[in-house]
Amino acid sequence: MRILLPALAVLMLFAGSAQALTLDAKKLARYDASYQRCEAMYPEMKGQRDVAYLRLYHVPEDQKMLGKLAALRKSSAYAAEQKRLKKTPVAPASAASGPLAQQCQALWGEAQRTKK
(Lines give C-alpha, C1' and ligand atoms only; values in the text may rest on other atoms or scores of the structure.)
Protein backbone atom coordinates (compact mmCIF):
# COMPACT_ATOMS: atom_id res chain seq x y z
CA MET A 1 0.00 0.00 0.00
CA ARG A 2 1.55 3.26 -1.06
CA ILE A 3 -0.02 5.50 1.52
CA LEU A 4 -0.85 4.13 4.90
CA LEU A 5 -3.76 5.85 6.52
CA PRO A 6 -2.22 5.58 9.97
CA ALA A 7 0.57 7.83 8.69
CA LEU A 8 -2.08 10.39 7.85
CA ALA A 9 -3.60 9.88 11.27
CA VAL A 10 -0.30 10.65 12.96
CA LEU A 11 0.08 13.82 10.94
CA MET A 12 -3.41 14.87 11.85
CA LEU A 13 -2.60 14.50 15.53
CA PHE A 14 -0.14 17.33 15.20
CA ALA A 15 -2.49 19.51 13.18
CA GLY A 16 -4.64 20.30 16.20
CA SER A 17 -7.74 18.99 17.83
CA ALA A 18 -10.30 20.94 15.83
CA GLN A 19 -10.30 18.63 12.82
CA ALA A 20 -13.44 18.53 10.76
CA LEU A 21 -14.66 15.09 9.82
CA THR A 22 -15.51 14.79 6.15
CA LEU A 23 -16.84 11.37 5.33
CA ASP A 24 -15.28 10.01 2.15
CA ALA A 25 -15.73 6.42 0.98
CA LYS A 26 -12.25 6.07 -0.54
CA LYS A 27 -10.50 7.47 2.52
CA LEU A 28 -12.55 5.24 4.78
CA ALA A 29 -11.64 2.19 2.68
CA ARG A 30 -7.93 3.04 2.96
CA TYR A 31 -8.28 3.61 6.70
CA ASP A 32 -10.06 0.26 7.10
CA ALA A 33 -7.34 -1.58 5.17
CA SER A 34 -4.61 -0.03 7.30
CA TYR A 35 -6.52 -0.58 10.53
CA GLN A 36 -6.93 -4.25 9.63
CA ARG A 37 -3.15 -4.57 9.50
CA CYS A 38 -2.91 -2.85 12.89
CA GLU A 39 -5.42 -5.32 14.34
CA ALA A 40 -3.21 -8.17 13.17
CA MET A 41 -0.26 -6.70 15.09
CA TYR A 42 -2.16 -5.48 18.16
CA PRO A 43 -5.10 -7.68 19.19
CA GLU A 44 -6.35 -5.05 21.67
CA MET A 45 -7.32 -2.91 18.67
CA LYS A 46 -9.74 -5.57 17.36
CA GLY A 47 -13.30 -4.39 17.10
CA GLN A 48 -12.46 -0.74 17.82
CA ARG A 49 -12.06 0.49 14.23
CA ASP A 50 -14.95 2.95 14.18
CA VAL A 51 -14.32 4.24 17.68
CA ALA A 52 -10.66 4.90 16.85
CA TYR A 53 -11.64 6.62 13.59
CA LEU A 54 -14.17 8.91 15.21
CA ARG A 55 -11.97 9.73 18.19
CA LEU A 56 -9.20 10.68 15.81
CA TYR A 57 -11.43 13.51 14.65
CA HIS A 58 -12.79 14.18 18.14
CA VAL A 59 -16.27 13.20 17.02
CA PRO A 60 -18.56 11.42 19.49
CA GLU A 61 -19.09 7.79 18.58
CA ASP A 62 -22.87 7.94 18.78
CA GLN A 63 -25.31 5.78 16.84
CA LYS A 64 -25.82 8.47 14.21
CA MET A 65 -22.11 8.60 13.29
CA LEU A 66 -21.70 4.84 13.49
CA GLY A 67 -24.68 4.53 11.13
CA LYS A 68 -23.11 6.98 8.69
CA LEU A 69 -19.89 4.94 8.63
CA ALA A 70 -21.86 1.72 8.09
CA ALA A 71 -23.79 3.31 5.21
CA LEU A 72 -20.60 4.60 3.65
CA ARG A 73 -19.13 1.09 3.74
CA LYS A 74 -22.09 -0.10 1.67
CA SER A 75 -21.45 2.46 -1.08
CA SER A 76 -20.11 1.55 -4.50
CA ALA A 77 -17.18 3.97 -4.09
CA TYR A 78 -16.09 2.14 -0.92
CA ALA A 79 -16.39 -1.25 -2.62
CA ALA A 80 -14.40 -0.05 -5.63
CA GLU A 81 -11.60 1.29 -3.44
CA GLN A 82 -11.51 -1.94 -1.41
CA LYS A 83 -11.22 -3.89 -4.65
CA ARG A 84 -8.41 -1.64 -5.86
CA LEU A 85 -6.56 -1.98 -2.56
CA LYS A 86 -6.75 -5.77 -2.68
CA LYS A 87 -4.91 -5.69 -6.02
CA THR A 88 -2.12 -3.51 -4.58
CA PRO A 89 0.78 -5.51 -3.12
CA VAL A 90 1.34 -4.87 0.58
CA ALA A 91 4.66 -5.33 2.31
CA PRO A 92 4.46 -7.65 5.31
CA ALA A 93 4.12 -5.90 8.65
CA SER A 94 6.46 -8.08 10.63
CA ALA A 95 8.62 -5.73 12.66
CA ALA A 96 7.01 -4.59 15.90
CA SER A 97 9.22 -1.50 15.81
CA GLY A 98 8.78 -0.61 12.14
CA PRO A 99 6.93 2.40 10.71
CA LEU A 100 3.56 0.64 10.56
CA ALA A 101 3.86 -0.46 14.18
CA GLN A 102 4.66 3.08 15.25
CA GLN A 103 1.73 4.45 13.26
CA CYS A 104 -0.62 1.86 14.77
CA GLN A 105 0.59 2.69 18.26
CA ALA A 106 0.08 6.41 17.64
CA LEU A 107 -3.45 5.84 16.34
CA TRP A 108 -4.33 3.58 19.25
CA GLY A 109 -2.75 5.97 21.74
CA GLU A 110 -4.86 8.84 20.41
CA ALA A 111 -8.00 6.71 20.58
CA GLN A 112 -7.22 5.80 24.18
CA ARG A 113 -6.25 9.35 25.13
CA THR A 114 -9.55 10.79 23.98
CA LYS A 115 -11.69 8.15 25.70
CA LYS A 116 -14.69 9.59 27.43
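A search of the whole structure, which is a predicted model, finds one disulfide. That bond joins Cys-38 to Cys-104, with a sulfur-to-sulfur distance of 1.9 Å. Because Cys-38 belongs to helix α2 (residues 25-41) and Cys-104 to helix α6 (residues 99-113), the pair ties together parts of the chain that are 66 residues apart in sequence. The link of Cys-38 and Cys-104 is left-handed, with -80° about the S-S bond. As for solvent, Cys-38 is buried, at a relative accessible area of 0%, and Cys-104 also counts as buried, its relative accessibility being 0%.

Helix α2 can be followed from Ala-25, which lies in that helix and is buried, with a relative accessible area of 9%. Leaving aside residues up to four places away in sequence, Ala-25 touches Leu-72, Ser-75, Ala-77 and Tyr-78. The C-alpha atoms of Ala-25 and Ala-80 are separated by 9.3 Å, although these two residues stand 55 residues apart along the chain.

In general terms, side chains of opposite charge can pair when their charged atoms come close. The structure holds eight salt bridges, and one of them brings together the side chains of Arg-30 and Glu-81, at 3.1 Å from N to O. Since Arg-30 is in helix α2 and Glu-81 is in helix α5 (residues 76-87), this pair ties together parts that are 51 residues apart in sequence. Arg-30 counts as partly exposed, at 24% relative accessibility, whereas Glu-81 is buried, with a relative accessible area of 5%.

Which side chains does Asp-32 meet in salt bridges? One partner is Arg-49, at 3.7 Å from N to O; this pair links distant parts of the chain, with Asp-32 in helix α2 and Arg-49 in helix α3 (residues 49-56), 17 residues apart. Another partner is Arg-73, at 2.7 Å from N to O; here too distant parts of the chain are linked, Asp-32 in helix α2 with Arg-73 in helix α4 (residues 63-73), 41 residues apart. Salt bridges that share partners join Asp-32, Arg-49, Asp-50 and Arg-73 into one network.

Conventions
Residues are numbered from 1 along each chain as its sequence is written. This is a predicted model: local features need pLDDT of at least 70, side-chain atom pairs count only at pLDDT 80 or more; totals for chains, interfaces and linings use all residues. Side-chain values use heavy atoms; hydrogens and water are left out. A disulfide is a pair of cysteine sulfur atoms within 2.5 Å. Helices (H or I, at least four residues) and strands (E, at least two) are DSSP runs, numbered from the N terminus. Buried means under 20% relative accessible area, exposed over 50%, partly exposed in between (1.4 Å probe, protein chains only). Contact means heavy atoms within 4.5 Å. A salt bridge is a side-chain nitrogen of Lys or Arg within 4 Å of a carboxyl oxygen of Asp or Glu.
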